[in-house]
Amino acid sequence: MSDMAGGEEAAADGSATRWGRRAWELLERVRARAPLVQCITNFVSMDLMANALLAAGASPAMVHSLREIDDFTPRADALCVNIGTLSDGWLPSMRAAAAAAARSSRPWILDPVAVSASEFRMEACLGLVALWPTVIRGNPSEIIALSSACRVRDSKGVDSFHESSDAVESAKSLAQSSGAIVAVSGATDFITDGQIVVAAQNGVAMMQKITATGCAVTALIAAFVAVESSNPLEATSCALSIFGLAGELGMEMANGPASLRVHMIDSLHGLHEHTVASRVKISLVS
């Protein structure tokens with residue numbers, strides 16, 4: 001091996017070690033501070049989101065009534081808005097909560113679930129993006145559609161027709177236009193502020209067979225950004241990797257999707273420093 005090759009390998013190892021330490025540091029902060037995360041989310045995901053937040057050390061609150069927003073949202077450490085089961089009744093609460101979070105200088109995270117499924121969803125998401133989310137996380141097709149403000153033809157609900165790498169340029173464009181950190185979930189997660197692109201590569205394919213795992217990781221992002229609001233790109237990258245790592249560890253004990261769900265939550269709760277530092281897979285792409 002040449003000296004140059006050895007130097008590149010050492011640099012890569014140093015970067016991996018730094019990200020591992022950073023991920024552990026932020027997880028410890030979540031456990032120490034127990035940030036209150038308000039989730040306005042869909043009926044399918046409430047249980048898994050709440051349990052993922054609790055397992056990580058955060059405090060979930062499924063508060064969505066418009067009458068509570070002015071009192072509650074400014075007290076939360078972060079807000080997670082997920083449009084999975086969007087309705088006319090909940091949309092005003094989502095808008096009011098996003099505006100209240102912004103007024104209170106609280107981070108808020110948008111999950112544009114199935115944004116291409118209807119004009120109603122697209123219009124709702126575009127209106128929410130205009131309220132300056134801190135982070136937007138979606139699958140590749142959702143990010144491509146939201147970036148172009150155009151529904152993806154033949155969209156099939158929450159499923160993506162694209163690989164995460166297909167959406168990197170759209171993610172950068174959306175980040176530049178919205179001011180948000182944009183995360184694209186997939187076999188490799190890509191996270192960008194419009195210039196820098198980071199890749200997080202933890203996780204297992206079986207996680208896609210459990211409903212609401214994407215919703216749950218969005219909530220975890222909110223918890224991490226709550227304790228590191230000054231660097232939401234790093235917080236988002238670490239949250240995605242930590243959640244994927246919990247899936248990897250859970251898969252070592254699971255027999256299928258149902259048991260993976262249980263073991264994934266247990267693994268998230270039981271993560272310790274050595275495992276995080278040695279197994280987190282985050283790297284700078286550009």
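Start with the largest nonpolar core: of its 58 residues, Phe224, Ile242, Phe243, Leu268, Leu271 and Val276 touch the most other members. A nonpolar core here is a set of buried Ala, Val, Leu, Ile, Met, Phe, Trp, Tyr and Cys residues joined through side-chain atoms within 4.5 Å. Keep in mind that this is a predicted model, where local features need pLDDT of at least 70 and side-chain atom pairs count only at pLDDT 80 or more, while totals for chains, interfaces and linings use all residues. Residues are numbered from 1 along each chain as its sequence is written, and side-chain values use heavy atoms, with hydrogens and water left out.

- (Helices are DSSP runs of H or I with at least four residues, strands are runs of E with at least two, and both are numbered from the N terminus.)
- Ile242 is in contact with Ala23, Leu27, Leu220, Phe224, Leu268, Leu271 and Val276, leaving aside its neighbours within four places in sequence. (Contact means heavy atoms within 4.5 Å.)
- There's also a second, separate core of 36 residues, and Leu110, Val115, Ala124 and Val129 are among them.

**Strand β4 and Asp111**

- Strand β4 (residues 108-111) is covered on both faces, with Trp108 and Leu110 buried on one side and Ile109 and Asp111 buried on the other. (Buried means under 20% relative accessible area, exposed means over 50%, and partly exposed is in between, using a 1.4 Å probe and protein chains only.)
- Strand β3 (residues 78-82) runs parallel to β4, and four bridges join them. (Two strands pair if DSSP finds at least two bridges between them.)
- Asn82 stands opposite Asp111 in β4.
- Asp111 counts as buried because its relative accessible area is 1%.
- Apart from neighbours within four places in sequence, Asp111 is in contact with Val81, Asn82, Ile83, Arg137, Glu142, Gly214, Cys215 and Thr218.

**Helix α6**

- Seven of the nine residues of α6 are buried, so this helix is largely enclosed by the rest of the structure.
- Those buried residues are Pro140, Ser141, Glu142, Ile143, Ile144, Ala145 and Leu146.
- Their cover includes β4, α5 (119-129), β5 (135-138), α7 (168-178) and β6 (181-184).

**The largest pocket**

- The largest pocket holds about 1,000 Å³ of space. (On a 1 Å grid over the protein atoms alone, a pocket is an open set of points where a 1.4 Å probe fits, with protein on both sides within 12 Å along at least five of seven lines; lining residues have an atom within 4 Å of a point.)
- Its lining has 39 residues, and the closest to the centre are Asn139, Ser185, Gln208, Thr213 and Gly214.
- Helices α6 (140-148), α8 (213-227) and α9 (232-251) each supply at least two lining residues, and α8 gives the largest share, four residues.

- Ala34 isn't a glycine, yet it has a positive phi of about 45°.
- You'll find Ala34 in the loop between α1 (3-33) and β1 (36-40), and it counts as partly exposed because its relative accessibility is 35%.
- Ser105 also has a positive phi, near 60°, in a residue other than glycine.
- Ser105 is in the loop between α4 (91-103) and β4, and it counts as exposed because its relative accessibility is 66%.

Terms used. Grid points are joined across faces, edges and corners, and a volume is the space filled by probe spheres set on the points.
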